[in-house]
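Okay, thanks for coming, everyone. I'd like to talk through some helix packing and some charged pairs, so let me put the structure up.

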Amino acid sequence: MSDANSASLYVVATPIGNLEDLSPRAARLLGEVALIAAEDTRHTGRLLRHLGLSVPMLSLHEHNEAARIEQLDARLVAGESIALVSDAGTPLISDPGFVLVRELRARGRRIVPVPGACALVAALSAAGLPTDRFTFQGFLPAKGAGRRGRLESLAAREETLVFYESPHRIRDTLADMAAVLGERRLVLARELTKTFETFLDGSAAELLVRMEVDSDQSRGEFVVMVAGAAPRVEDEAAVVAGEALLAALLAEGVGVKQVAAVAARVLGGAKKAWYARAQALKDAG
């Protein structure tokens, strides 16, 4: 494409595993643009060979993105359209591209999304957790103190929490989630759209045990989805429901510790808080 009036930066989603997920539109545009700005040209080169395409490429990653702006803008001004791709999925979603898109849009350049695969959306669509409201946090901090601090800041959020995580940190992340979020329900999506795609469901502690038993379950890239916190105490209906559940379980002779675990699993919230409320009910009875 070399029309100065239609030159665009196409933000092109590429497959996260299964190459059949590349849309026909994306495949066509990758063959039509004058240049592809790729997070890793070697990785994108394999996709282009699969498509039978030979298109000039330029690396654009977190370490050189700002330095590439003038060069890419000049190509657009000259009437050459560009495709922006990351290694997998939708660019800018925990991948490079935000700095470039922000600056080019500020300059009045045409930015065109070409939607397709996104691990975040794919995982949520099959997890069985609420999707009417969710917050995406990308990757948690690499160090334990920072990671726990971030989790603590999110612990009271009532919407589904979504994170990306790498295989070499997944166990540490689950351990911190167990410590901060207790028995809350988690769903892990692993190796999405690939041969060994797996969804694991349970508390953080339960999933850690599964990984200890089967080390294969800690391999691959992860989307970690966490059930939101129980409604705040100010929600009268939630309080009534919680008290009714606690009372019913205690009446059946269930121990306070087990009652707290069930309430945290069903209604969310901290097991310690449910334990204190259950103990108070038992003492009052």
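Before the first helix pair, one definition: a crossing is called right-handed if the near helix is turned clockwise from the far one by less than a right angle, and left-handed if it is turned anticlockwise. And please keep in mind that this is a predicted model.

So, let's look at H3, residues 65-77, and H4, residues 98-106: their axes come within 9 Å and cross at roughly 45 degrees. That angle makes H3 oblique to H4. As for the hand, H3 goes past H4 in a right-handed crossing.

Who actually touches whom? On the H3 side you have Glu 65, Ala 66, Ile 69, Leu 72, Asp 73 and Leu 76, and they meet Phe 98, Val 99, Leu 100, Glu 103 and Leu 104 from H4. Sort the residues of that H3 and H4 contact by class and you get eight nonpolar, three charged and no polar ones.

Asp 73 and Glu 103 belong to a salt-bridge network, together with Glu 70, Arg 107 and Arg 109.

From H6 the contact uses Gly 144, Arg 147, Arg 148, Leu 151 and Glu 152, while H7 brings Asp 172, Thr 173, Asp 176, Met 177, Val 180 and Leu 181. So what does the class count look like for H6 with H7? There are four nonpolar, two polar and five charged residues in it.

Okay, on to salt bridges.

Glu 32 and Arg 28 join their side chains in a salt bridge, 3.0 Å from N to O. Both sit in H1, residues 24-32, four residues apart, so about one turn of the helix.

The next pair is Arg 171 with Glu 212, a salt bridge at 3.2 Å, N to O. This one links distant parts of the chain: Arg 171 is in H7, residues 170-181, Glu 212 is in H8, residues 204-213, and 41 residues separate them. Arg 171 is partly exposed at 28% relative accessible area. Glu 212 comes out at 56% relative accessibility, so Glu 212 counts as exposed; the cut-off for that is over 50%.

Last pair: the side chains of Asp 201 and Arg 185 form a salt bridge at 2.6 Å, N to O. Where do the two partners sit? Asp 201 is in strand E9, residues 198-202, and Arg 185 is in the loop between H7 and strand E8, so this pair ties together parts 16 residues apart in sequence. On accessibility, Asp 201 is partly exposed at 39%, and Arg 185 is partly exposed too, at 24%.

That's what I had, so over to you for questions.

Methods:
Residues numbered from 1 in each chain as written. Predicted model: local features only at pLDDT ≥ 70, side-chain atom pairs only at ≥ 80, totals over all residues. Heavy atoms only, no water. Axes fitted to C-alpha atoms, helices over the stretch in contact; angles between N-to-C directions. Helix = DSSP H or I, 4+ residues; strand = E, 2+ residues; numbered from the N terminus. Parallel < 35°, antiparallel > 145°, perpendicular 65-115°, else oblique. Contact = heavy atoms within 4.5 Å. Nonpolar A, V, L, I, M, F, W, Y, C, P; charged D, E, K, R; others polar. Salt bridge = Lys/Arg side-chain N within 4 Å of Asp/Glu carboxyl O. Buried < 20%, exposed > 50% of the residue type's maximum accessible area, 1.4 Å probe, protein only.
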